[in-house]
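The entries follow the order in which I went through the pairs.

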Amino acid sequence: MKLSEWAKRNGVHYQTAWKWARDGTMPVPVVKTATGRYLVLEQPADRDGRAVAYCRVSSADQKADLERQAGRVVTAATGMGLTVSDVVTEVGSGLNGRRPKLARLLRDASVSVIVVEHRDRLARFGLEHLSAALEASGRRIVVIDDAEVEDDLVRDMTEVLTSFCARLYGRRSASRRAKAALRAAREVA
């Protein structure tokens with residue numbers, strides 16, 4: 001397939017894909033024809049269904065980060081042996097339950113693997129329940145960078161406080177206020 005078509009399917013800008021092909025860092029096999037055109041070699045489809053990358057940023061001013069995030073997710077997924085058939089990008093808060101692209105992705109039974117860069121890109125909390133529900137239907141979530149934040153209890157408390165602060169004070173200052181509340185709790189204890 002043409003490099004431009006591959007780039008469009010995978011949510012990567014054509015110039016980025018061209019640079020990867022030129023530098024030999026493409027996450028998929030690519031060949032250069034005699035005319036100088038790059039062609040991406042077809043990957044065998046996953047036997048278990050489609051793998052889809054889900055990338056999200058919180059606000060419109062971070063929209064430029066979506067393309068870089070998509071590139072990292074596709075590269076890592078390919079390195080894990082997954083063939084990413086589509087990249088779903090969305091701008092919206094992780095605390096917002098109304099994310100139509102994510103809902104559509106979760107409803108699509110042909111998607112067997114959802115690949116995300118960090119766990120909070122998919123859901124701020126409750127990822128374990130979402131993962132269990134998907135696994136019951138033979139599907140799974142792959143988190144590329146699953147680094148823990150200090151420990152589970154602190155992470156969960158931060159997520160709950162952020163959610164409550166977002167409802168009280170607005171989404172923009174929620175994270176800052178949640179961290180301040182945790183610092184105050186640590187000082188008292």
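**Salt bridges**

I first looked up arginine 50 and found its side chain in a salt bridge with that of aspartate 108, at 2.9 Å from N to O, where the term stands for a side-chain nitrogen of Lys or Arg within 4 Å of a carboxyl oxygen of Asp or Glu. This pair joins distant parts of the chain, 58 residues apart, with arginine 50 in strand β3 (residues 50-57) and aspartate 108 in the loop between α4 (100-107) and β5 (111-116); helices (H or I, at least four residues) and strands (E, at least two) are DSSP runs, numbered from the N terminus.

I note that the model is predicted, that local features need pLDDT of at least 70 and side-chain atom pairs 80 or more, while totals for chains, interfaces and linings use all residues. Residues are numbered from 1 along each chain as its sequence is written, and side-chain values use heavy atoms, without hydrogens and water.

For accessibility I took buried as under 20% relative accessible area, exposed as over 50% and partly exposed as in between (1.4 Å probe, protein chains only). Arginine 50 is partly exposed at 29%, and aspartate 108 is likewise partly exposed at 27%.

Next I looked up glutamate 117, whose side chain meets that of arginine 72 in a salt bridge of 2.6 Å, N to O. Glutamate 117 lies in the loop between β5 and α5 (119-122) and arginine 72 in helix α3 (residues 63-79), 45 residues apart. Glutamate 117 is buried at 11%, whereas arginine 72 is partly exposed at 43%.

Searching the whole structure gave six salt bridges.
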